[in-house]
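These are my notebook entries on the model shown below. I record what I looked up, in the order in which I looked it up.

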Amino acid sequence: MLSNSIWRFRLSVFPGGVISIGLLLLAFLVFYTLFLNSDYESFTSSLITNRTIGLIKFTIFQALLSTIISIIIGTILAWSLAHQSSFRGRDYLVALLSSSLVLPTLIVVFGIISILGNNGWVNRALLHFFDYSFENSIYGLGGILIAHVYLNASFATRSLLHIFESIPQERYKLAKSLNFSTFKRFLLVEYPAIKLSLKSISSTIFLLCFTSFAIVLTLGGSPAYNTLEVAIYEAVRLDFDIPLALKLALIQLCITMVLVFLSANFKIGNSNIKTQDRKILWKEPKKLQIFQIFTIFVFTLFFVLPLISIFVDGLSADFRKILSDSLFIKSFFTSLFIATISGIITVIFALLISDTRRNFNLSHRIKKSKTTNFFNILIAFSGNIYLAIPSLILGLSFFLLSQKFQAPLTVWAIGAVLCANVLMSLPFALSIIYPPMQRIAQHYDKLSFSLNLTGARRWLYCEWPYLKSSIVYVFTLSFCLSLGDLGVIALFGSNEITTLPWYLYQLMGSYQTKDGAGVAMILLVLTLSIFILLPKVFKNASST
Amino acid sequence: MLQVHNLTYRYDETIYDFSLHVEKNEIVGITGESGSGKSTLLDLIAGFLTPLSGNISFKNEDITLLNTEHRPITILFQKYNTFEHLSVIKNVLLGIGTSLKVKKQDLDEAKQILKEVGLEGFENKIASSLSGGQSQRVALARSLIRKKPILLLDEPFTGLDLQTRIKMLNLVKKISKKRGLYTIMVTHDINDCELIANRVYNVKNGKLCLV
């Protein structure tokens with residue numbers, strides 16, 4: 001029966017295949033544009049300068065340090081949360097860790113400055129109670145690391161917590177009955193379970209920190225703490241030195257390509273899968289319990305305080321002034337428009353690419369061969385090219401194209417921002433949508449063919465009911481990621497083309513801190529409410 | 001004698017109340033529908049769950065409040081009985097202790113027990129390369145090396161093919177008798193019980209009924 005459908009499967013490879021080829025062509029276009037615009041002789045002669053070596057060194061150094069600290073904190077916190085599964089507020093903390101994935105980086109920066117800045121809560125409290133304040137500025141390596149760890153340790157925690165909770169109860173029971181110590185339990189039961197994911201989470205975090213832009217731009221402070229990405233931005237926006245920007249972009253592109261290739265794992269951990277809500281039947285010794293509770297308490301403060309500070313500072317803003325500012329209104333609606341379109345495109349791309357991939361992965365659909373394996377890898381790679389081509393480099397190539405082809409800059413800007421947002425969301429979208437799609441095919445292919453469920457009917461009865469929550473979640477995720485992104489827009493941003501993060505960055509740059517706090521609060525409320533409410537509203541609507 | 005006396009436990013709306021006894025050299029079978037509470041009984045005897053009331057005694061000593069690791073029990077689960085990344089011999093030696101140093105005497109004993117369960121020559125194989133039946137033999141060997149008198153079997157041979165299952169059941173019967181064990185086997189298949197159990201209980205409405 002299935003053999004009759006093989007041709008249909010072969011045909012259904014095309015929509016996702018075309019999208020994948022399109023994405024790979026886009027990557028090629030980026031390369032080609034950068035090469036085409038660079039002067040080969042001056043490029044090779046001035047490739048290795050002290051400045052570029054310094055930039056590469058610092059970019060790798062901060063990414064490495066951020067990754068190590070994030071992984072250590074993420075592992076300890078996830079382990080503590082897995083073993084302390086019944087305290088009040090745990091669900092909220094886990095939800096907060098999930099939402100940190102979509103928190104606009106500028107909001108995090110704003111919150112961290114509010115807490116740890118020269119005039120922040122900590123310094124003010126120290127001054128008030130002890131007549132002492134820290135002289136060290138938050139700007140520099142310290143600030144970059146804190147912000148990176150804030151975003152990535154929560155990502156690592158969420159991903160690892162899911163794995164800790166997925167360890168079969170039998171493993172813990174066996175370890176308990178064999179009288180394992182806590183260390184031995186970690187070594188023989190927990191570490192083997194998280195080992196593989198640690199590699200993929202670490203490589204993802206490293207790449208995210210390596211290509212981090214908004215955090216380094218706002219907290220770097222001086223050229224000594226510039227990364228390649230920020231140096232590209234400064235070369236384009238501040239120095240108007242396009243050849244330098246091209247050189248740096250090509251260097252970064254080569255390094256990220258090598259890193260993606262070396263990591264050999266294009267998966268991004270799904271940090272938002274629902275937890276198992278499973279209690280580990282192992283009562284920890286008192287001292288260990290105290291350590292775990294202390295760890296949870298300290299890192300809860302670390303994650304929550306910056307967000308609280310945004311609310312507290314934001315409440316004192318003059319909202320009448322902010323809401324009547326035409327630039328704010330323009331930014332607000334542009335952001336909503338771009339985020340909605342990005343969300344829709346991401347969902348469509350993720351569905352079609354996943355459909356194509358499952359055809360290649362399931363031997364009852366298309367017989368496995370070296371060719372199908374090759375296509376499978378290619379398609380998987382196409383969905384993850386964002387890791388190899390950071391948005392700023394994508395933006396730079398669009399910027400160069402806009403100089404060459406005479407279309408309104410607004411069109412190029414919106415095109416570039418949309419492209420970057422979709423590429424940024426796709427790795428997460430695929431990791432959410434692909435597993436259930438593969439499962440549906442495994443479970444229901446035979447049944448749906450026996451019932452002659454094909455095309456729209458199959459989608460309606462067989463796919464949509466099982467995919468709808470993932471689809472809504474992917475849309476929400478992409479929407480929120482797009483809403484808070486300050487990447488490509490930094491190259492194109494002006495009074496003509498502006499988004500909320502760009503507007504906020506302008507306010508921060510011109511020291512309008514009060515208005516900035518108000519806008520940060522609006523952006524935070526908007527992001528969190530959509531991220532939390534949209535899936536819930538949809539769930540309620542579909543259950544009634 | 002292992003005696004379980006009015007051991008109660010509450011899960012959602014169901015209240016369990018278990019009573020049974022197991023003599024030396026005896027194999028007691030527990031059957032029941034899925035979700036009837038068969039495994040809950042083993043979890044209570046093993047100390048993974050704390051009962052609301054009642055007690056468990058072994059040779060007239062109350063063991064109800066002892067931690068799992070201090071109870072005279074050893075358990076075999078249906079799945080995840082071995083640490084896949086370790087060799088067969090290391091999996092067995094974990095039954096003696098978790099120290100990294102291994103005494104020659106322990107090593108010899110582990111080899112002897114592996115021979116007893118039919119895994120001679122498999123010592124250095126990695127557990128992940130074993131078949132389902134072989135993995136269960138490793139787990140059984142580890143249970144035996146622990147020299148604990150009470151053997152709890154939680155559907156240990158479900159999923160194995162019929163031939164392997166019968167072999168494993170007979171092996172349990174043989175070893176149980178040879179070593180004078182007190183064995184409780186939970187299974188959803190009455191045929192397993194008929195093959196090796198001296199007595200069979202059925203879990204119904206939270207209680208054990210002699211079949």
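**Entry 1: a helix of chain A**

I began with H18(A) and listed its buried residues: Ser391(A), Leu392(A), Ile393(A), Leu394(A), Gly395(A), Leu396(A), Ser397(A), Phe398(A), Phe399(A) and Leu400(A). I call a residue buried if 20 or more other C-beta atoms lie within 10 Å of its own, exposed if 12 or fewer, and partly exposed in between, with C-beta atoms placed from the backbone. Helices are DSSP runs of H or I with at least four residues, strands are runs of E with at least two, and both are numbered from the N terminus. Since 10 of its 14 residues are buried, H18(A) is largely enclosed by the rest of the structure.

I then checked the length of helix H18 (residues 391-404) of chain A: at 1.5 Å a residue its 14 residues should span 20 Å, and the end C-alpha atoms are 20 Å apart, which agrees. The expected span is 1.5 Å times one less than the number of residues.

**Entry 2: basis of the model**

I note that this is a predicted model, in which local features need pLDDT of at least 70 and side-chain atom pairs count only at pLDDT 80 or more, while totals for chains, interfaces and linings use all residues. Residues are numbered from 1 along each chain as its sequence is written, and chains are lettered from A and ligands numbered from 1 in the order in which they are written. The predictor gives the complex an ipTM of 0.73 and a pTM of 0.79. For chain B the average pLDDT (the predictor's confidence in each residue, from 0 to 100) is 88, and 99% of the residues score at least 70.

**Entry 3: chain B**

I found six helices and 10 strands in chain B. Its C-alpha trace spans about 45 × 35 × 30 Å along the principal axes. Of the 211 residues of chain B, 41% count as buried.

Next I looked up Ala197(B), in the loop between helix H6 (190-196) and strand S9 (199-204) of chain B. Ala197(B) counts as buried because it has 23 C-beta neighbours inside 10 Å. Beyond its neighbours within four places in sequence, Ala197(B) is in contact (C-beta atoms, placed from the backbone, within 7 Å) with Ile27(B), Val28(B), Gly29(B) and Met185(B). Ala197(B) and Gly29(B) are 168 residues apart in sequence, yet 5.5 Å apart from C-alpha to C-alpha.

**Entry 4: the interface**

Last, I recorded that 15 residues of chain B are in contact with 15 residues of chain A.

Definitions and conventions: Two residues are in contact if their C-beta atoms, placed from the backbone, lie within 7 Å.
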